[in-house]
Amino acid sequence: MGDKKVVITVYGAEQICASCVGAPGSKDTYEWIQAAVGRKYIDGVVNYNYIDIDQPQTDEKHIAFVERIVDEDLFHPIVFVNDNMVGEGIPRLKSIYQALDKLDVPLQS
């Protein structure tokens with residue numbers, strides 16, 4: 001894997017989106033992803049970011065994507081592995097794992 005940086009970013013809000021009623025909240029999903037990835041992959045290789053779409057952002061990349069979420073009425077949480085969207089609404093671990101495997105993130109032994 002080398003020195004390649006792997007970041008899982010979850011965009012979400014405290015308010016559950018109207019189409020996702022009954023699903024876990026964005027923050028709960030963020031914590032669930034951290035726990036699941038931590039059980040399968042070596043600690044310290046993957047970094048995590050939670051972006052609250054209802055809070056002001058300072059990073060241009062996050063500002064632009066939050067605007068896209070609002071403009072396109074995307075379901076949240078939205079999960080990225082590096083710059084690849086791997087989940088929207090109710091993310092699946094399988095798609096997150098596939099993205100991490102493509103980046104050769106080392107597995108626990």
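This note walks through the sheet, the helices and a few single residues of a predicted model.

1. Start with the overall layout. Four strands make an open sheet, and their order is 2-1-3-4. The pairing is mixed. Which strands stand at the edges? They are strand 2 and strand 4. Each has a single partner strand, so one side of each has no neighbour in the sheet. From one strand to the next, the twist averages 20 degrees.

2. **Strand 1 and strand 2.** These two strands pair in the parallel sense, over seven bridges. Two of the facing pairs can be found by name. Val6 is opposite Val46 in strand 2. Tyr11 has Ile51 as its bridge partner in strand 2.

3. **Strand 1 and strand 3.** Here the strands run antiparallel, joined by four bridges. Look at Tyr11 again. Its bridge partner in strand 3 is Ile78.

4. **How enclosed is strand 1?** Seven of its seven residues are buried, so strand 1 is largely enclosed by the rest of the structure. In a regular strand, side chains alternate between the two faces of the sheet. Both faces of strand 1 are covered. Val6, Ile8, Val10 and Gly12 are buried on one side. Val7, Thr9 and Tyr11 are buried on the other.

5. **Helix 2, its length.** Helix 2 covers residues 60-72, which is 13 residues.

6. Four residues to check are His62, Phe65, Val66 and Ile69, which are buried in helix 2. Their arc around the axis is only 105 degrees, which means that they lie on the same side of helix 2. What do the buried residues of helix 2 pack against? They pack against strand 1 (6-12), strand 2 (46-52), strand 3 (78-81) and strand 4 (84-88). The face turned away from the buried side carries Glu60 and Asp71, which are exposed.

7. **His62 up close.** This residue is in helix 2. Is His62 buried or exposed? Its relative accessible area is 11%, under the 20% cut-off, so His62 is buried. Leaving out residues up to four places away in sequence, His62 touches Thr9, Tyr11, Ile51 and Gln57.

8. **The two ends of helix 2.** At the start, a side-chain oxygen of Asp59 comes to within 2.8 Å of the backbone nitrogen of Lys61. Just after helix 2 comes Asp73, with a positive phi of about 55 degrees. Asp73 takes this positive phi although it is not a glycine.

9. **The loop between helix 2 and strand 3.** Asp73 has its place in this loop. Its relative accessibility is 64%, over the 50% cut-off, so Asp73 counts as exposed. Pro77 is found in the loop between helix 2 and strand 3 too. What kind of peptide bond joins His76 and Pro77? The bond is cis, with omega at about 10 degrees.

10. **Asp104.** This residue is in the segment after helix 3 (93-102). Asp104 is not a glycine, but its phi is positive, at about 60 degrees. Is Asp104 buried or exposed? With 53% relative accessibility, Asp104 counts as exposed.

11. **Gln15.** Look in the loop between strand 1 and helix 1 to find Gln15. Its relative accessible area is 60%, so Gln15 is exposed. How far is Gln15 from Asn84? The two are 69 residues apart in sequence, and their C-alpha atoms are 24 Å apart in space.

12. **To check in the viewer.** Begin with strand 1, whose seven residues are buried. Trace its parallel pairing with strand 2, then its antiparallel pairing with strand 3. Next, turn to helix 2 and find the buried His62, Phe65, Val66 and Ile69. Finish at the cis bond between His76 and Pro77.

How values were computed
Residues numbered from 1 in each chain as written. Predicted model: local features only at pLDDT ≥ 70, side-chain atom pairs only at ≥ 80, totals over all residues. Heavy atoms only, no water. Expected span 1.5 Å × (residues − 1). Buried < 20%, exposed > 50% of the residue type's maximum accessible area, 1.4 Å probe, protein only. Arc of directions from axis to C-beta. Contact = heavy atoms within 4.5 Å. Polar contact = N/O pair within 3.5 Å; in protein donor to acceptor, adjacent residues only side chain to side chain. Pairing = 2+ DSSP bridges. Axes fitted to C-alpha atoms, helices over the stretch in contact; angles between N-to-C directions.
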